[in-house]
Amino acid sequence: MSGTTTGSGTTTGSTPAPASSLKSLTDELTALRPRMEKISRAIHARPELKFAEFHALQVLTGWLAEARFTVETGAGGVDTAFVAVHEGSRPGPYVAVLAEYDALPGVGHGCGHNLIAAGGVAAAIAAVRALPDHAGTIAVIGTPGEEMGGGGKVRLAEAGVFDGVDAAVMFHPADRSATTQHALAAAHLRADFTGVSAHAAKTPWEGRSALAAAQLFLNALDSMRQFMPPTARLHGIVSDGGQAPNVVPARAAVDFYVRDTTSAATKALVERVRAAARGAALATGTDAAVTETGALYAERRDNKVLAARFGATLRALGVDIGPGAPGEPAGSSDIGNLSQLLPVIHPYVQTAEFGTPSHSDAMRDAAATPFAHHRTQLAATGLARVVTDLVSDPEFLAAAWEEFEETEETEETKKTEKVEETEETEETEKVEETGDTGTPDGRRSVGRRDGSRRDGARTLRPCRS
């Protein structure tokens, strides 16, 4: 599905406009609040799973078209994705507000994506209304399929949807507020076991139970937990356990996630999990295959410059918010992959009573309350402030990119040091075993970081003209 709706999204004028005032943004969000809440409740009442969010797509893009954004649906070849842009009167940066709007099976909007979507659209519209003569491009990018390893943002990035975007912002509902919060890398996997069917009572010895293999595999994962870092997480469900009690199951499957603080640590743990699946299959006389069901979600890098501006705005509006604790329990999101490419923020704003668990019926119910919509209005004000400042203040954008590059350099250095440490350990073991020193003078030759950017990294370039 694809299409384009065009609105007259530009204004005239050549004199740079000042950044909008907080009062003007607050006034605009107050005016937008009834429509924002109506859209949010409409999405909440009709939860749609990943990549099937057609109702949400319709109500969100309809509102943006009315607000004179130019809307393209089917962005990046994803039916329920969209890009809505409002072009400014002169060249400048491209700043995107991200919207998520998929729900969870059996729970509905227990992650509050109805608030993310409606609040994000309201933020972009408020930014344009408060700063009609803005430079550059203010956009809303609809990113479906965040839940269950859908990796909507990953698919859109690979399709080039984020090419030329200078910064991206969004917020997330929660039971507490935080300007920054780490997120775990996550691998989305399925272990398929294949056995031999037989009559479960008459001749079970002629069968080989795939379900027994799945059970043993899950027990193996439980046994691994004591020997994993405390930051790691393993969890899943039996998604196929057979069809009838009197038939030895020839097929069984376990859908599960593997998480840790970094992509590298997650990948290392995945290899141990694959070995556990092979062991379970060997023990039960079955076959095992572990495959990816979705993209690997990378750890998140919140841009501290943008997050600080968001936090200052919300504190001015009466919200108690600051950086999250480094050791706070965390989930995962595909915005982590995007955060490796450009400056992004993903702050949390309290929309539910403290202690309300995410992905729960309680969080779903909280996402439809007046309190949640009031806090979403405040979050949208914070996002709008960051957006208008980015398109108005080149130094602010430059500072965000400088922080992004510095963080990237630091993380790359850590990765290189870890690789060198591993290589040195392996070389030491080799010397101890063989006496081979590796170089004529007995010193080990170690490659050093040359300062080049990582493979696939986005090149810092001037704002879009």
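The model is predicted, with local features needing pLDDT of at least 70 and side-chain atom pairs pLDDT 80 or more, while totals for chains, interfaces and linings use all residues. Residues are numbered from 1 along each chain as its sequence is written, and side-chain values rest on heavy atoms, with hydrogens and water left out.

Distant parts of the chain are linked by the pair, as Phe193 belongs to strand β8 (residues 185-194) and Phe217 to helix α5 (residues 210-224), 24 residues apart. Helices (H or I, at least four residues) and strands (E, at least two) are DSSP runs numbered from the N terminus. Phe193 and Phe217 are both buried. Phe217 also forms an aromatic pair with Phe256, which is edge-to-face, with 5.4 Å from centre to centre and 65 degrees between the planes. Phe256 is in strand β10 (residues 251-260) and Phe217 in helix α5, so parts 39 residues apart in sequence are tied together by this pair. One aromatic cluster is formed by Phe193, Phe217 and Phe256.

Rings also lie under charged groups (NZ of Lys or CZ of Arg within 6 Å of the ring centre and within 35 degrees of the ring normal). The charged end of Arg155 sits over the ring of Phe51, at 4.6 Å from the ring centre. Over the ring of Phe404 sits the charged end of Arg301, 4.5 Å from the centre of that ring.

Strand β5 (residues 137-142) has six of its six residues buried, so the strand is largely enclosed by the rest of the structure. In a regular strand, side chains alternate between the two faces of the sheet. In β5, Thr137, Ala139 and Ile141 point one way, whereas Ile138, Val140 and Gly142 point the other way. Two strands count as paired if DSSP finds at least two bridges between them. Strand β3 (residues 82-87) is joined to β5 by six bridges, and the two run antiparallel. In β3, Ala84 is placed opposite Val140 of β5. Six bridges also connect β5 with strand β4 (residues 94-99), here in the parallel sense. In β4, Val95 stands opposite Ile138 of β5.

Positive phi values occur at Arg68 and His359. For Arg68, which is not a glycine, phi is about 70 degrees. Arg68 is placed in the loop between α2 (54-66) and β2 (70-73), and its relative accessibility of 45% makes it count as partly exposed. For His359, likewise a residue other than glycine, phi is near 55 degrees. The loop between β13 (348-350) and α9 (361-366) holds His359. With a relative accessibility of 41%, His359 counts as partly exposed.

Key: Buried means under 20% relative accessible area, exposed over 50%, partly exposed in between (1.4 Å probe, protein chains only). Rings of Phe, Tyr and Trp (its six-membered ring) pair if their centres lie within 6.5 Å; planes under 30 degrees apart count as stacked, over 60 as edge-to-face and the rest as tilted.
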